[in-house]
Amino acid sequence: MKYVTVKIKNHGAFTFSLDEELAPKATERMLAMIDKKKYDGKVIERLEPGFVIQPLFQDGVDEEIDVMVEPEYEMIPANHEKRFVRGTVAMAGDGKMASGSQFFVTLDRHERLDGKFTVIGEITAGWEEIERLEKVEVVELVDEPSGFKFHKPKSDEIVESVTVE
């Protein structure tokens, strides 16, 4: 088991387990992204109070970030059986494919996510930083091509670094 620590600039950090048996392709991709420092310096793009914190939401610039992979929640029975509770870490997706880089942390139990997103781990430390982020003021934005509405922190919350132990 590996552990990933996400340090937020001028604030704290949170750590999550990375379960390579539960999602081998997604975790391999994430480790490659961490090794290339693709998360470092990125602004938290999506923060839905009571729902999710998602450091990367859309990029549209870096082709390495906007990569989709096979959804392991469909291929690995143990992954499909995972329940989304507070602190579950999973890969984002579009319903057909899973993101190869965009992960999110659930902030509460969400049955509607069960069996629909690739789970890669769970929060193991740094709950105080998760709770701080949950309370930051957000603004609503709209993704122009799709019309999808989402929230982002009003003041930038920057991922200073993402490291693996």
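I take contact, or touching, to mean heavy atoms within 4.5 Å. This is a predicted model, where local features need pLDDT of at least 70 and side-chain atom pairs count only at pLDDT 80 or more, while totals for chains, interfaces and linings use all residues. I number residues from 1 along each chain as its sequence is written, and side-chain values use heavy atoms, with hydrogens and water left out.

**Entry 1: Phe16**

I looked up Phe16, leaving aside residues up to four places away in sequence. Phe16 touches Lys2, Tyr3, Val4, Val6, Met30, Val89, Phe103, Ile120, Glu122, Ile123 and Thr124.

**Entry 2: cores**

I then searched for nonpolar cores. Such a core is a set of buried Ala, Val, Leu, Ile, Met, Phe, Trp, Tyr and Cys residues joined through side-chain atoms within 4.5 Å. Buried means under 20% relative accessible area, exposed means over 50%, and partly exposed lies in between (1.4 Å probe, protein chains only).

The largest nonpolar core has 30 residues. Val6, Phe14, Phe16, Met30, Tyr39, Phe103 and Ile120 touch the most other members. I listed the elements that each supply at least two residues of this core: β1 (2-8), β2 (13-18), α1 (24-35), β6 (88-93), β7 (98-106), β8 (119-125), α4 (127-134) and β11 (159-164). The largest share, 5 residues, comes from α1. Another core, of 10 residues, lies apart from this one; Phe51, Ala90, Phe104 and Val119 are among its members.

**Entry 3: whole chain**

I count 4 helices and 11 strands in the protein chain. Helices (H or I, at least four residues) and strands (E, at least two) are DSSP runs, numbered from the N terminus.

I checked the radius of gyration, taken over C-alpha atoms, against the globule rule of 2.2 Å times the number of residues to the power 0.38. For 165 residues, a compact globule would come out near 15 Å, and the protein chain has 15 Å, so the two agree. The C-alpha trace spans about 40 × 35 × 30 Å along its principal axes. Of the 165 residues, 48% count as buried. I also looked at contacts between residues at least 6 apart in sequence: 68% of them join residues at least 24 apart.

**Entry 4: Asn79**

I found Asn79 in helix α3 (residues 77-80). Asn79 has 0% relative accessibility and therefore counts as buried. Beyond residues up to four places away in sequence, Asn79 touches Leu22, Ala23, Glu72, Tyr73, Phe117, Thr118 and Val119. I note that Val119 is also a member of the core of 10 residues.

**Entry 5: Val85**

Val85 sits in the loop between α3 and β6. The relative accessible area of Val85 is 38%, so I log this residue as partly exposed. Not counting residues up to four places away in sequence, Val85 touches Thr106, Asp108 and Arg109. I also checked Val85 against Met1: they are 84 residues apart in sequence and 20 Å apart in space, C-alpha to C-alpha.

**Entry 6: positive phi**

I looked up two loop residues with positive phi. Asn10 has phi near 65°, a positive value in a residue other than glycine. Asn10 lies in the loop between β1 and β2. With 67% relative accessibility, Asn10 counts as exposed.

Lys37 has a positive phi of about 60°, although this residue is not a glycine. I place Lys37 in the loop between α1 and β3 (46-48). Lys37 is exposed, with a relative accessible area of 58%.
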